[in-house]
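Have the structure open as you read.

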Amino acid sequence: MNNRGYITGTKEACNGNINGYLYALVDIEKNNGNIYSFSDDENYHLNNDISYIGITNNPFARLNNHRCKGKGKRIGMVIFGEPEDAMTGKMMEAKAIYDYCKIKGDAPSHQKGHDTWAGA
């Protein structure tokens, strides 16, 4: 199977996945050339250079969307948390963004809406 078929098949297989993932977007070069990777460090977002924090149940489709919608082709995804359900995932995402902003003084460079009253 060619690479395009693999990616399409993987995105379709992940569609409707009940598992969720907390992730950070990173520069591929700073991530040893890895487009997708995992970290056991629950504070990965605080201990590394990242540009975005999010949650998803389909990491392949989500990264593809990020790469196509202005964040650039040189970004990769590092999964650093696996919430047990969607509600917990939203709390983990909000806490990760909050902690990042408190410690670093501002949100990751591609984060939007962190400083508004807009909700999910």
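1. Helix α3 (residues 59–71) covers only 15 Å between its end C-alpha atoms, whereas a straight helix of 13 residues would span 18 Å at 1.5 Å a residue. That expected span is 1.5 Å times one less than the number of residues. Helices here are DSSP runs of H or I, at least four residues, and strands are runs of E, at least two, numbered from the N terminus. Just after α3, Gly72 has a positive phi of about 100°.

2. A word on the basis: this is a predicted model, where local features need pLDDT of at least 70, side-chain atom pairs count only at pLDDT 80 or more, and totals for chains, interfaces and linings use all residues. Residues are numbered from 1 along each chain as its sequence is written, and side-chain values use heavy atoms, with hydrogens and water left out.

3. Within α3, the buried residues include Pro59, Ala61, Leu63 and His66 (buried is under 20% relative accessible area, exposed over 50%, partly exposed in between, with a 1.4 Å probe and protein chains only).

4. I count 3 salt bridges (a side-chain nitrogen of Lys or Arg within 4 Å of a carboxyl oxygen of Asp or Glu). Glu29 pairs with Arg74, closest N and O atoms 3.6 Å apart. Glu29 sits in the loop between β1 and β2 and Arg74 in the loop between α3 and β4, so the pair ties together parts 45 residues apart in sequence.

5. Asp49 and Lys30 also form a salt bridge, at 2.5 Å, N to O; the pair links distant parts of the chain, 19 residues apart. Lys30 is exposed at 60%.
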